[in-house]
Amino acid sequence: MPKRGGSSKAGDQESADFLTSKRRKFESESSIVGTVVAAFRKQDANRKTCILPFLLDERVELEAQEGVVSDLNRNTLSPRQVLLSDLAVMRELGIEPGMLCENFCIKWADTDTARLKSGMQVKCGSAVLRVTFNCEPCGHVIDYMKSKASVGSSPSLEETKNISSIPCLTDLAPPKRGVLATVVKGGFVKVGDVIAVVQHVDDDTLFYESIPFATKEKILWLLGKIPRGKVVGYKDALQYVGTKVGWARAFPSMLNKIMRDEIQAGLVQGKTKKLDTKEWAPAIPFHRLVLSSGELGLGTGEGVECGEDGIQADLLRRENVKVGIEQPGLIPRLRGVGKVTRKVEQWEKCVWKPTHEELYLCKR
């Protein structure tokens with residue numbers, strides 16, 4: 001019968017071996033890339049200053065799929081829940097942490113934010129983040145940099161509006177402004193916590209699908225997610241891809257260009273001179289984006305045989321989306337003289353309402 005002491009010693013050794021293997025596994029799965037030196041929460045939408053709307057905290061709480069708790073930008077359907085910025089860039093520009101409107105100011109270890117790529121999973125404190133894309137300078141930052149810039153005693157209106165005339169501001173082009181992320185796992189992040197990139201199978205650091213930076217590419221990425229028989233309004237689409245609402249003005253021309261390209265591709269692939277909307281299915285479902293009012297915004301395209309209501313109406317109806325026709329109003333100047341609109345009916349039934357997982361947590 002073995003002695004108690006020997007059994008205990010063997011158990012201690014087994015426990016130590018287990019802890020060692022677990023630590024080695026963590027070291028192999030994670031690569032420490034930086035340290036948190038400041039943490040902030042945005043409190044209000046005051047545009048007069050960059051720093052006052054942000055509250056400096058020793059510890060910030062993050063909620064899964066929501067963002068920073070008690071932060072103005074908290075939104076479950078936004079790819080811009082958390083912003084990580086580089087301390088070295090701030091020192092280069094002569095500004096203090098918080099001036100880039102970041103949530104976390106990071107001191108990177110022998111690297112910079114360019115190392116964090118869209119699709120990476122990052123451990124930050126006890127929370128886990130999903131990197132979405134690089135962040136461009138916002139209105140707050142541009143206003144602050146304008147006030148700091150030395151453009152002469154009496155700069156012209158064009159100079160104050162032209163970003164390229166502002167010293168150092170062009171240096172904030174992505175990725176120097178920082179990287180954006182969503183929250184995969186909630187937790188607390190405090191000053192001094194390390195940031196580590198999680199390694200996955202075959203040392204691959206890209207865990208989720210990559211989200212493009214350019215707005216047009218983001219829209220194409222979103223179009224690939226909208227299910228058959230569903231539509232998305234312009235305003236919601238811009239929220240889902242993290243782009244300013246003002247960009248909606250460019251939707252009609254952009255979608256018409258995509259439609260023409262798809263028609264041309266269909267003609268080449270089918271070796272025909274005419275496509276029929278009763279059979280043709282575009283590779284990019286451009287028809288699923290409509291005005292936020294439900295109205296159809298696309299015109300007609302050469303090389304396609306369609307009904308009198310147009311290509312977009314035909315393609316949507318094939319997917320069992322009801323499209324109605326509205327005649328001009330009694331007061332023509334309010335609707336446009338002789339204007340007939342095509343509009344999605346039963347909007348609540350047809351509109352796509354995605355979850356956070358469907359938008360941002362799709363694995364490669």
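Predicted model: local features only at pLDDT ≥ 70, side-chain atom pairs only at ≥ 80, totals over all residues.
The protein contains 11 helices and 17 strands. Its length is 364 residues, and 43% of them are buried. The accessible surface comes to about 19400 Å². Carbon and sulfur atoms account for 52% of that surface. Contacts across the sequence were also counted. Among those with a separation of 6 or more, 71% join residues 24 or more positions apart.

Strand 3 spans residues 59–63. Four bridges link strand 3 to strand 10 in the antiparallel sense. Within this pairing, Val60 lies opposite Val189 of strand 10.

Helix 5 (residues 215–223) packs against helix 6 (residues 234–241). The angle between them is about 105°, and their axes are 10 Å apart. Angles of 65 to 115 degrees count as roughly perpendicular. The two helices are therefore roughly perpendicular to each other. Helix 5 contributes Lys218, Ile219, Trp221 and Leu222 to the contact. Helix 6 contributes Ala237, Tyr240 and Val241. By class, the contact comprises six nonpolar residues and one charged residue, with no polar residues.

Two loop residues have positive phi values without being glycines. Lys271 has a phi of about 50°. Lys271 sits in the loop between helix 7 (251–270) and strand 13 (275–276). The relative accessibility of Lys271 is 76%. A residue counts as exposed over 50%, so Lys271 falls in the exposed class. Asn320 has a positive phi of about 65° and is likewise not a glycine. The loop that holds Asn320 runs between helix 8 (311–318) and strand 16 (323–326). At 69% relative accessibility, Asn320 also counts as exposed.

Definitions and conventions
Residues numbered from 1 in each chain as written. Heavy atoms only, no water. Pairing = 2+ DSSP bridges. Axes fitted to C-alpha atoms, helices over the stretch in contact; angles between N-to-C directions. Parallel < 35°, antiparallel > 145°, perpendicular 65-115°, else oblique. Contact = heavy atoms within 4.5 Å. Nonpolar A, V, L, I, M, F, W, Y, C, P; charged D, E, K, R; others polar. Buried < 20%, exposed > 50% of the residue type's maximum accessible area, 1.4 Å probe, protein only. Areas by Shrake-Rupley, 256 points an atom, 1.4 Å probe, with all protein chains shown as cover.
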